[in-house]
Structure formats: structure tokens, C-alpha cells
Amino acid sequence: MQGDEKNLGTAFELIDFSLVLGIVLVVLLLWAAGLAVRRVFAGLESWLPGHRLTILQAETLASFFIWLGGGTFLVLAVIRPPKELILALTGTLAVAVGFAFKDVAASIIAGISLIFDRPFRVGDRVRFEEHYGDVTRIGLRSVRLQTLEDDTVTVPNHKFLTESVASGNAGALHMMVITDFHLDPLADLATACELLREVAVTCRYVFLKNPVMITATEVMVANRLAMKLTVKCYVLDARYQESLSTDLTIRGAEALAEAGIGRPRM
């Protein structure tokens with residue numbers, strides 16, 4: 001019993017409680033700072049909805065530098081390991097990352113590239129492989145997408161270095177929305193175009209600073225020839241894409257029916 005008590009006392013003597021306390025305090029401060037940043041930027045987003053994308057991008061950068069700076073401070077100012085240990089750990093970590101965690105390292109490098117090269121930004125509506133939705137977060141390891149079905153998809157950053165990604169709004173609030181209408185090949189296309197244009201410009205979700213365009217093409221619907229009118233217009237905010245498309249579809253169908261413009265029969 002005395003030997004065990006002596007060993008336990010020796011173990012407590014070896015523990016630097018001031019160092020442990022310092023580490024805990026720094027981690028708590030970093031967590032509190034991250035929480036404060038999220039709350040501040042959430043308030044700014046509510047106060048300035050027109051600058052939502054810029055605010056989200058600023059929040060991403062602020063969180064990144066808080067954790068990067070806090071981690072550096074924790075190692076160099078609180079833990080303060082010997083220089084020889086830092087050099088040895090750096091070499092060991094480089095080898096470990098290069099072999100065992102090459103995908104993670106690639107994702108971290110890609111994450112830094114995404115933040116500064118900005119092929120897309122937080123708030124953009126993008127299509128990547130089979131996923132389509134809003135970019136909610138660009139982290140050091142992965143990108144998070146919120147799909148239109150309200151699923152959260154996490155994609156490793158390094159995939160964006162080798163695969164194509166399409167951004168619908170590329171950092172802007174507005175984006176193009178395409179809505180198709182199929183008509184009988186003998187329908188009055190000029191009247192139909194004017195009706196659909198009027199429906200588009202009177203929609204409350206349309207960004208009128210950009211033009212409304214309507215194109216016509218011949219297509220086959222159920223083995224029958226039909227005319228497809230495509231309405232191309234811009235939505236005020238990418239978040240209202242479905243609302244705009246639904247409004248155009250409903251009101252456009254009503255306008256065509258009231259004008260007696262025929263639709264293809266299946």
C-alpha cells in the first residue's frame with residue numbers, strides 16, 4: 001500500500017497542473033470565441049439580408065483564423081515544447097500525413113485552395129456529381145451542402161480538385177431559373193411567348209435588372225411532335241428558386257389555358 005501511495009504521489013508531482021489549466025482555458029476561450037463569432041454573424045445576416053453571402057464568407061474566414069491562430073498560440077505560448085521536439089514532431093507528422101493520411105492532407109490543402117481561389121463560395125447553389133444544393137460551410141477537410149431535399153451532404157475537399165462543380169450564382173444572390181412549357185405544334189407561339197413573358201416579369205421573385213428570355217424548340221413528347229417554350233429569368237435570391245419555378249408553372253399554365261393555347265395531349 002505504501003508503495004502504491006508513493007507511486008501515486010510521484011505521478012501527481014510529475015503533472016504540471018498550471019499547464020493543464022492553461023490548455024483547458026485556451027480551448028474554452030477558442031470555443032467561446034467560435035460561438036460568439038457565429039452569433040455575431042447570424043445577427044448581421046438578419047440585419048443585412050442583402051449581404052447574406054458576404055457575411056457567410058466573412059464568418060468562414062473568421063472561424064478559420066480563430067482556430068488556426070488559437071492552435072498556434074496553444075502550442076507555442078502555452079505548451080512551449082523544446083525546439084528539438086518541434087522539429088522531430090514536424091518530421092514525424094509530415095511522414096505520417098504523407099503516407100497514412102494523404103487524403104486528409106489533400107483535403108486540407110484543397111480546403112485552403114477553396115477558401116482563397118473561391119471556385120464557389122458559402123451560400124452558392126452548386127451542382128456536384130449527383131448532389132445539388134447550397135454550400136453551407138467550407139472547412140479545412142470538407143464542404144457541406146444542404147440539398148433541396150434538406151439533406152446535409154459532406155464532400156471531402158480534395159474531390160473538388162479533380163471533379164467539375166457548377167455554381168448557379170457564383171457569389172451573387174441572383175441566379176438563372178429555367179422553366180419549360182410544352183405546347184401543341186399548331187399553337188400561336190407569338191401570343192404564348194408574350195403571355196409567358198408577362199407572367200415572368202410580374203412574378204415577385206424575379207430579378208428584373210436582368211433580361212427575361214424565351215426560346216422555342218421542337219421536341220418529341222410521348223412520340224408526338226410538340227413545341228417547347230423555355231422561360232429563362234433570374235431569381236432575386238437563389239433560395240427562392242423553387243418558389244419562382246412553381247409560380248411561373250402555375251400562373252403560366254393558367255394564362256395559356258385562358259388564351260385557349262393548346263397543350264400537347266399524351
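This is a predicted model: local features need pLDDT of at least 70, side-chain atom pairs count only at pLDDT 80 or more; totals for chains, interfaces and linings use all residues.
A residue counts as buried when its relative accessible area is under 20%, as exposed when that area is over 50%, and as partly exposed in between.

## Overall composition

The protein has 7 helices and 8 strands. Of its 266 residues, 31% count as buried. Among contacts in the protein with a separation of 6 or more, 63% are accounted for by residues 24 or more positions apart.

Val 37 is found in helix H2, which spans residues 17–47. Val 37 is buried, because its relative accessible area of 13% is under the 20% limit. Leaving aside neighbours within four places in sequence, Val 37 is in contact with Glu 59, Ala 62, Ser 63 and Ile 66. Glu 59 is 22 residues from Val 37 along the chain, and the C-alpha atoms of these two residues are separated by 7.0 Å.

Ala 33 also lies in helix H2. With a relative accessibility of 29%, Ala 33 counts as partly exposed.

Gln 57 belongs to helix H3, which covers residues 52–79. A relative accessibility of 16% places Gln 57 in the buried class. When residues up to four places away in sequence are not counted, Gln 57 touches Arg 118, Arg 121 and Val 122.

| Residue pair | Separation along the chain | C-alpha separation |
|---|---|---|
| Val 37 and Glu 59 | 22 residues | 7.0 Å |

## Packing of helices H6 and H7

Two packed helices are described by the angle between their axes and the distance between the axes. For helix H6 (residues 189–201) and helix H7 (residues 241–258), the axes come within 9 Å and cross at roughly 140 degrees. That angle makes H6 oblique to H7. The crossing in which H6 passes H7 is right-handed.

On the H6 side, the contact involves Ala 192, Leu 195, Leu 196, Val 199 and Ala 200; on the H7 side, these meet Leu 248, Arg 251, Gly 252, Ala 255 and Leu 256. Sorted by class, the residues in the contact of H6 with H7 are 8 nonpolar, 1 polar and 1 charged.

## Cysteines

A disulfide is a covalent bond between the sulfur atoms of two cysteines. How many disulfides does a search of the whole structure find? The search finds 0. For Cys 203, the closest cysteine sulfur is that of Cys 233, at 7.1 Å, which is too far for a bond. The relation holds in the other direction: the closest cysteine sulfur to that of Cys 233 is in Cys 203, at 7.1 Å, again too far for a bond. The cut-off behind this reasoning is a pair of cysteine sulfur atoms within 2.5 Å. Cys 203 counts as buried, with 4% relative accessibility. Cys 233 counts as buried too, with 0% relative accessibility.

Glu 129 counts as partly exposed, at 44% relative accessibility.

Asp 150 is found in the loop between strand E3 (142–147) and strand E4 (152–156). Phi of Asp 150 is near 65 degrees, which is a positive value in a residue other than glycine. At 60% relative accessibility, Asp 150 counts as exposed.

Key:
Residues are numbered from 1 along each chain as its sequence is written. Side-chain values use heavy atoms; hydrogens and water are left out. Axes are lines fitted to C-alpha atoms, for helices over the stretch in contact, and angles run from 0 to 180 degrees between N-to-C directions. Helices (H or I, at least four residues) and strands (E, at least two) are DSSP runs, numbered from the N terminus. Angles under 35 degrees count as roughly parallel, over 145 as roughly antiparallel, 65 to 115 as roughly perpendicular and the rest as oblique. A crossing is left-handed if the near helix is turned anticlockwise from the far one by less than a right angle, and right-handed if clockwise. Contact means heavy atoms within 4.5 Å. Ala, Val, Leu, Ile, Met, Phe, Trp, Tyr, Cys and Pro count as nonpolar, Asp, Glu, Lys and Arg as charged, and the others, Gly among them, as polar. Buried means under 20% relative accessible area, exposed over 50%, partly exposed in between (1.4 Å probe, protein chains only).
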